[in-house]
Amino acid sequence: EFRVFLNDLFSNDFNTIFMSLPAFYNQLKEENGAGLGSFFVSATPGSFYGRLFPAKSLHFVHSSSSLHWRSQVPHGLDLQAAGKALNKGKIWISKTSPQCVLDAYSFQFHKDFSLFLKSRAEEIIGGGRMVLSIPGRSSSDPSTPESCYQWDLLAHALMTMVSEVPT
């Protein structure tokens with residue numbers, strides 16, 4: 001038997017995925033023949049920054065392009081210091097971010113990633129495997145253009161879209 005457990009936040013609508021499964025099952029049977037065995041797909045809503053599955057129940061875990069998202073805005077960055085936003089209204093690290101912003105994101109990353117690893121360690125069987133695909137950078141400085149350029153582009157696009165909304 002082959003079991004796949006999908007995960008996303010509570011607000012995700014898994015209906016599209018589930019509606020595509022019959023065609024996927026048929027394609028698997030065509031490509032692999034009748035001897036493929038049983039194939040089961042299920043979805044579990046919730047944050048991966050906590051437990052999602054029963055203890056010692058997973059043989060393989062794969063996370064692709066999601067662990068760079070934080071579980072929350074780092075503590076203190078949603079507040080204002082001396083009447084001025086610490087990160088000038090941004091929700092990411094940029095080349096203009098002060099050191100306290102970099103420190104807050106670093107602390108939040110360590111907290112989140114430790115919780116992610118602890119949670120998966122409880123869920124994976126002994127000898128199980130985990131593959132993580134995480135965006136990386138060649139510099140330890142998170143404010144270099146290489147590190148924050150994509151977020152600056154995304155922010156510019158979003159701000160442009162908001163400015164074009166009719167009032």
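This is a predicted model: local features need pLDDT of at least 70, side-chain atom pairs count only at pLDDT 80 or more; totals for chains, interfaces and linings use all residues.

Student: Is F5 buried, exposed or partly exposed?

Tutor: F5 is at 36% relative accessibility and therefore counts as partly exposed.

Student: How many aromatic pairs does a search of the whole structure find?

Tutor: The search gives 10 aromatic pairs. One of them joins F5 and F53, with 5.5 Å centre to centre and 50 degrees between the planes, a tilted arrangement. This pair links distant parts of the chain: F5 lies in strand β1 (residues 2-8), F53 in the loop between β2 (39-45) and β3 (58-64), and they are 48 residues apart.

Student: What is the geometry of the pair formed by Y25 and F39?

Tutor: Planes over 60 degrees apart count as edge-to-face. Y25 and F39 are edge-to-face, with 70 degrees between the planes and 5.9 Å centre to centre. Y25 belongs to helix α1 (residues 15-32) and F39 to strand β2, 14 residues apart. Y25 is partly exposed, at 25%, whereas F39 is buried, at 19%.

Student: Which residues form one aromatic cluster?

Tutor: F48, Y49, F109, F113 and F116 do.

Student: What span should helix α3 have, and how far apart are its end C-alpha atoms?

Tutor: The expected span is 1.5 Å times one less than the number of residues. Helix α3 (residues 145-163) has 19 residues, so it should span 27 Å; its end C-alpha atoms are 25 Å apart, which agrees.

Student: Which residues are buried in α3?

Tutor: S147, C148 and A155 are buried there.

Technical notes: Residues are numbered from 1 along each chain as its sequence is written. Side-chain values use heavy atoms; hydrogens and water are left out. Helices (H or I, at least four residues) and strands (E, at least two) are DSSP runs, numbered from the N terminus. Buried means under 20% relative accessible area, exposed over 50%, partly exposed in between (1.4 Å probe, protein chains only). Rings of Phe, Tyr and Trp (its six-membered ring) pair if their centres lie within 6.5 Å; planes under 30 degrees apart count as stacked, over 60 as edge-to-face and the rest as tilted.
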